[in-house]
Structures are given as C-alpha cells and as structure tokens.
Amino acid sequence: MSFSCGQVAWMPSPPLVPENGPIDFDHLHRMTLGDDGLEREVLATFAGQAAELVVSLARLPPDAAMLAHKLKGSARAIGAIHVAAAAADLEIALRSGADPAEPRAMLNDAVGQACQAIRAILLRS
C-alpha cells in the first residue's frame with residue numbers, strides 16, 4: 001500500500017515567533033482541538049515540567065542534553081516557541097561541548113516568561 005503526501009492531513013507548524021507573547025495560543029488552540037479545559041491542563045502540566053527541568057538543568061547532569069531536548073519538544077507542542085528555541089540552543093551547546101552558561105540563562109528567562117503567562121491564564125480560568 002502506498003500513498004502520496006497529498007493524502008496526509010498536515011497540521012500547520014507554529015510560527016517561528018509567536019505574535020502574542022511567550023505562548024502561541026493559536027497553535028495551542030489547534031493542538032488541543034479548541035478544548036479550553038484541555039488547554040488549561042496542558043499549560044499546567046507544561047509549567048510544572050518546565051520548572052522541574054530548569055532546576056535539573058542548573059546542575060548540568062550527564063543527561064542534560066536529553067533534558068534540554070525533552071523541554072524543546074514539550075515547548076514546541078504547546079507553542080512556547082521562545083522556550084523551544086532556547087532549549088534547542090542549550091541542547092546544541094551541551095552536545096558540542098560549548099559553554100552552556102549563556103544558553104542556560106536564556107532558557108531560564110524564556111521559561112520564566114512562559115510560566116508567568118501560563119499563571120495569568122490559569123488564574124483567569
């Protein structure tokens with residue numbers, strides 16, 4: 001059985017830079033099929049996971065590159081594009097042996113901004 005790319009239902013990728021802050025809520029809305037309850041659940045889960053990963057990454061454990069990769073994927077899934085970009089930069093630095101200090105600081109800032117936006121959304125709900 002074969003199929004062509006035209007038969008695959010493609011989901012649009014999030015923009016490189018969200019237009020509405022640290023979270024691309026249009027992307028999140030698409031990914032959660034417009035379910036507001038699911039959006040809140042996903043945001044709360046991401047905020048908790050991101051905070052835990054940032055704490056772990058501060059210690060630079062042997063699996064730090066994998067942790068940065070995990071955070072990058074989670075961030076992309078919900079539209080936290082700045083977090084995803086910063087996590088990607090940290091992952092590259094860790095895998096290449098470069099100094100991770102600056103990318104880690106950028107990641108901390110991006111996660112802080114995303115978590116602040118998420119808290120504001122969850123408090124309104």
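Begin with helices α2 and α3, where α2 passes α3 in a left-handed crossing. The model on display is predicted. Helix α2 covers residues 36–58, and α3 covers residues 64–78. Their axes lie 10 Å apart and pack at an angle of about 160 degrees. Angles over 145 degrees count as roughly antiparallel, and α2 and α3 are therefore roughly antiparallel to each other.

Next, select the residues by which the two helices meet. On the α2 side, show V42, L43, F46, Q49, A50, L53, S56 and L57; their counterparts in α3 are A64, L67, A68, K70, L71, S74, A75 and I78.

Remain in α2 and select E39. This residue is buried but forms no salt bridge. The nearest side chain of opposite charge belongs to R40, 6.9 Å away. Beyond its neighbours within four places in sequence, E39 is in contact with L28, H29, T32 and G34.

Now turn to the salt bridges, of which the structure holds 2. Select E91 and K72, whose side chains meet at 2.9 Å, N to O. This pair links distant parts of the chain, with E91 in helix α4 (residues 81–96) and K72 in helix α3, 19 residues apart. Both residues are buried.

E91 and R95 are 4 residues apart in helix α4 and so separated by about one helical turn. E91 has a relative accessible area of 8%, whereas R95, at 57%, counts as exposed. With all three residues displayed, the view shows a network of salt bridges linking K72, E91 and R95.

Notes
Residues numbered from 1 in each chain as written. Predicted model: local features only at pLDDT ≥ 70, side-chain atom pairs only at ≥ 80, totals over all residues. Heavy atoms only, no water. Buried < 20%, exposed > 50% of the residue type's maximum accessible area, 1.4 Å probe, protein only. Lys, Arg positive; Asp, Glu negative; His and termini not counted. Salt bridge = Lys/Arg side-chain N within 4 Å of Asp/Glu carboxyl O. Contact = heavy atoms within 4.5 Å. Axes fitted to C-alpha atoms, helices over the stretch in contact; angles between N-to-C directions. Parallel < 35°, antiparallel > 145°, perpendicular 65-115°, else oblique. Left-handed = near helix turned anticlockwise from the far one by under 90°.
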